[in-house]
Amino acid sequence: MVILKEPRGRAPNATGFESLGYTRAMTRVLSVTSLVSLAVLIGCSSLIGLDEFHEGSSAGGTGAVGGTGASGGSSGQGGSGNQGGAAGSSAGTSNGGTSGGGMGGTAGSCTADIDNDENNCGACGHVCSTNNASSTKCDQGVCTPTCNADFDDCNTPDASTADDGCEVNLKQDGENCSTCGRSCQGGDCSAGECQPLVLYEGVSGGQGIDVTDQEVFFTDDNDGRVYAIPKSGGNVRTVADGQAKAWHLQVDGSNVFWSLDRLSTGGVSSSPVAGGSVNPVVTGVDSPESITVGGGYVFYSPLGGNLHGVLSSGGTPQDFQFPGDAPRYHNGWLYFVSSAKSGSIQRTSTSGGVPIDFATNLGLTYARYLFFDQDVAIYSVSNPKSEVYRVTDGGSPSALSDGHLASTMTASNGWVFWNERGTPQLPDLPGTVWGVPASGGTPVAITDQGGFGISIVADGDAVYYATQLRQNTYSILKIARPQ
């Protein structure tokens, strides 16, 4: 309420000007008083400075007291399941209040059996999916679906991730082909079988192929080049050119070696795997039939001649004074196939010397390939069947290929692989790539897109092979190895 008081000391006979002064003074009092009242009502003492309203030497009125702050929000309510309620609203800021927001609610309780409840499996609210499944259950907090035919649960999400049931089609998934975890190494999965991945097409031939951790190396005898291409496919690069009749090839450490299949002007050359200057390791050799590298040496057999060895950096070759086919460096020794003693596998030191028998009476006169799986020799014979055999030191041979015609062969990580050739004169007539455990067993057809196989190599993940799939079309392909 505003109380108006009559000014004291007013003369009885005041003039009109005095009356006017009285009215103005009252107006100022009303205005100031109203503003003070308004400030009190909205609780803001700093809304206006009253000492600005004065007349003459009269002091301004006392400022209004700040208003009481707004109350904080009420505490949040406990959520359903396992989520707590949200905190209350924060204190107001426009009126100088100090009350804080309410506290968050207590987490809701979960009474479900999270070890066995499929709607709360491993955690409250974690629902087991029936995607591609006939049924599902919660087993010890883990969703365990019964998958439909050709589907499987390969990831089994934990309780923090939404369950997706049987998310994998085993007939089509390239990373889970026929079984969880079986990768096709970049190839397609069709009807549960991994398909070859074409790395390169157009190579015109060559017997040489090898792999490093990242790349596949191969020769092209017609255009005289050594190539490399990423294992996953991509752009091919030239490692060396001007190498007419580049043929057999092997990578050893940071260098790649290859033979030059030329009469009288053949030999062995090398270069860094990254490319660079070509080093003629040995020249003037008649068509080296095969090469092997190890222990700082390159070993080779000229056409119809004796075994030779030369430093891998180059130099004068050493004639070992005895013939040998399919040389293979293994565990510090040079192994080879000999016609001596009714067909045998023998070994000698890297500097030559008297041959030592490994296995004799093998019934062979010539072998195209010789590899080792640990200390077991794997070899292919040159007979109408071109069979693949295994033999231990001093033991008797046993067949691995079971009558298959092995035109190319390799051994790697406990398996033996070979290509059974198709016929290049008939377009699109495929050959077959086979594999069998080195310990023996039933051969497995890895792919029927083997073509007219030229060379083959394998690592721990895949088999790589050079082949002629059609007339005048050469390819480098890759296919996942059996598990």
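Glu215 is buried, at a relative accessible area of 17%; buried here denotes under 20% relative accessible area, exposed over 50%, and partly exposed the range in between, with a 1.4 Å probe and protein chains only. The model is predicted, and local features need pLDDT of at least 70, side-chain atom pairs count only at pLDDT 80 or more, and totals for chains, interfaces and linings use all residues. Residues are numbered from 1 along each chain as its sequence is written, and side-chain values use heavy atoms, with hydrogens and water left out.

The side chain of Glu215 meets that of Arg237 in a salt bridge, with an N to O distance of 2.9 Å. A salt bridge is taken as a side-chain nitrogen of Lys or Arg within 4 Å of a carboxyl oxygen of Asp or Glu. The bridge links distant parts of the chain, with Glu215 in strand E9 (residues 215-220) and Arg237 in strand E11 (residues 237-240), 22 residues apart. Helices (H or I, at least four residues) and strands (E, at least two) are DSSP runs, numbered from the N terminus. Arg237 has a relative accessibility of 24% and is therefore partly exposed.

Three salt bridges are found in a search of the whole structure. Another of them joins the side chains of Lys231 and Asp459, at 2.6 Å from N to O. Lys231 lies in the loop between strand E10 (225-230) and E11, and Asp459 in the loop between strand E32 (452-458) and strand E33 (462-470), so this bridge ties together parts that are 228 residues apart in sequence. Lys231 is buried, with a relative accessibility of 14%, and Asp459 is buried at 12%.

A salt bridge is also formed by the side chains of Asp357 and Lys341, with 2.5 Å from N to O. Asp357 belongs to strand E23 (residues 352-359), while Lys341 is in the loop between strand E21 (333-338) and strand E22 (344-349); the two are 16 residues apart, and the pair links distant parts of the chain. Asp357 is partly exposed at 30% relative accessibility, and Lys341 is partly exposed with a relative accessible area of 48%.

Disulfides were assigned next. A disulfide is a covalent bond between the sulfur atoms of two cysteines. With a disulfide defined as a pair of cysteine sulfur atoms within 2.5 Å, the count comes to six. One of these joins Cys128 and Cys143, whose sulfur atoms are 2.1 Å apart. The torsion about the S-S bond of Cys128 and Cys143 is about -85°, so the link is left-handed. Cys128 is in the loop between helix H1 (16-42) and strand E1 (133-139), and Cys143 is in strand E2 (residues 142-147), 15 residues apart. Cys128 is buried at a relative accessible area of 7%, and Cys143 is buried at 6%.

In the disulfide of Cys154 and Cys180 the sulfur atoms are 2.0 Å apart. This link of Cys154 and Cys180 is left-handed, with -80° about the S-S bond. Cys154 sits in the loop between strand E3 (151-152) and strand E4 (168-169), and Cys180 in the loop between E4 and strand E5 (189-190), so the pair ties together parts that are 26 residues apart in sequence. Cys154 is partly exposed at 25% relative accessibility, and Cys180 is partly exposed with a relative accessible area of 30%.

Cys184 and Cys194 form a disulfide with sulfur atoms 2.1 Å apart. The S-S torsion of Cys184 and Cys194 is about -85°, so this disulfide is left-handed. Cys184 lies in the loop between E4 and E5, and Cys194 in strand E6 (residues 193-194), 10 residues apart. Cys184 is buried at 1% relative accessibility, and Cys194 is buried at 5%.

The nonpolar core was also examined. A nonpolar core is a set of buried Ala, Val, Leu, Ile, Met, Phe, Trp, Tyr and Cys residues joined through side-chain atoms within 4.5 Å. The largest nonpolar core has 16 residues, of which Ile345, Phe358, Leu362, Leu370, Ala377, Tyr379 and Val391 touch the most other members. Two or more residues of this core come from each of E21, E23, strand E24 (367-373), strand E25 (376-381) and strand E26 (388-391). Leu362, with neighbours within four places in sequence left aside, is in contact with Ser342, Gly343, Ser344, Ile345, Tyr379, Val391 and Pro397, where contact means heavy atoms within 4.5 Å.
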